[in-house]
Amino acid sequence: EGLTCVKRAKEGFVRLLGEDSAKAVNAAFMVAHQIPTVDEEIAEYRRLWEMAKVSLPEEAVTYDIAMSLGSRLREKKGKYEEAKVFYLAALEGQRRVLGEEHKKTLASMKNMGALLDDMEDYEGALDYYQQASRVE
């Protein structure tokens with residue numbers, strides 16, 4: 001029932017504001033979380049990212065999409081190099097849009113550290129963990 005409401009809200013925002021409005025993209029992002037297969041979820045995140053990075057560069061949802069896409073690539077597919085591109089885009093955008101001390105920015109620093117740890121770049125991982133702990 002909740003997913004049905006979000007889908008209807010998304011359709012309404014698209015109809016009223018256009019597909020690339022912040023509210024429509026945010027609703028589509030919420031719907032994407034509910035997609036049952038990882039490959040379809042990743043494909044939807046990619047579609048939303050391509051749209052949002054151009055039309056919504058100053059909206060936090062753009063970088064939430066990048067972080068979720070990077071997380072799925074890392075955790076479900078083991079595509080570390082590709083995940084790193086999205087993690088870095090998310091971190092850079094969150095720093096600019098939300099600020100260095102925002103909880104999402106700090107979470108992105110920690111996620112980047114975890115990714116580098118997975119890639120056995122322990123010095124790089126430590127650097128991101130230390131950045132996050134200095135700000136906290």
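These legends go with a set of close-up views of one predicted model. Residue numbers start from 1 along each chain as its sequence is written, and side-chain values use heavy atoms, with hydrogens and water left out. In this predicted model local features need pLDDT of at least 70 and side-chain atom pairs count only at pLDDT 80 or more, while totals for chains, interfaces and linings use all residues.

View 1. Helices (H or I, at least four residues) and strands (E, at least two) are DSSP runs, numbered from the N terminus. Read along the sequence, the pattern is simply α-α-α-α-α-α-α. The radius of gyration is 16 Å, close to the 14 Å that the globule rule gives for 136 residues, so the chain is as compact as a globular protein of that length; the radius is taken over C-alpha atoms, and the rule is 2.2 Å times the number of residues to the power 0.38. Along its principal axes, the C-alpha trace spans about 50 × 30 × 25 Å. Of the 136 residues, 39% are buried (under 20% relative accessible area; exposed is over 50%, partly exposed in between; 1.4 Å probe, protein chains only). Take the contacts (heavy atoms within 4.5 Å) with a separation of 6 or more: residues 24 or more positions apart account for 50% of them.

**View 2. The largest nonpolar core, with 31 residues.** Such a core is a set of buried Ala, Val, Leu, Ile, Met, Phe, Trp, Tyr and Cys residues joined through side-chain atoms within 4.5 Å. Val25, Leu48 and Ile65 have the most contacts inside this core. Helix H2 (22-32), H3, H4, H5, H6 and H7 each give two or more residues to this core, and H4 supplies the largest share, seven residues. Zoom in on Leu48: leaving aside neighbours within four places in sequence, Leu48 touches Ala28, Phe29, Ala32 and Ile65.

**View 3. Tyr45, a buried residue of helix H3.** Tyr45 has a relative accessible area of 0%. Beyond its neighbours within four places in sequence, Tyr45 is in contact with Phe29, Ala32, His33, Ile65, Ser68, Leu69 and Arg72. Ser68 sits 23 residues away along the chain, yet its C-alpha atom and that of Tyr45 are separated by 7.6 Å.

**View 4. Trp49, Tyr63 and Phe86 as one aromatic cluster.** The whole structure has three aromatic pairs; rings of Phe, Tyr and Trp (its six-membered ring) pair if their centres lie within 6.5 Å, with planes under 30 degrees apart counted as stacked, over 60 as edge-to-face and the rest as tilted. Trp49 is buried at 9% relative accessible area, and Tyr63 is buried at 7%. Trp49 also pairs edge-to-face with Phe86, at 6.0 Å centre to centre and 80° between the planes. This second link runs from helix H3 to helix H5, 37 residues apart.

**View 5. Helix H5 (residues 80-97) and its packing partners.** At 1.5 Å a residue, these 18 residues should span 26 Å, and the end C-alpha atoms are 25 Å apart, which agrees; the expected span is 1.5 Å times one less than the number of residues. Ala83, Phe86, Tyr87, Ala90, Leu91, Gly93 and Gln94 are buried in H5. The buried residues of H5 pack against helices H3 (38-55), H4 (60-77), H6 (103-118) and H7 (122-135). After H5 comes Gly99, with a positive phi near 105°.
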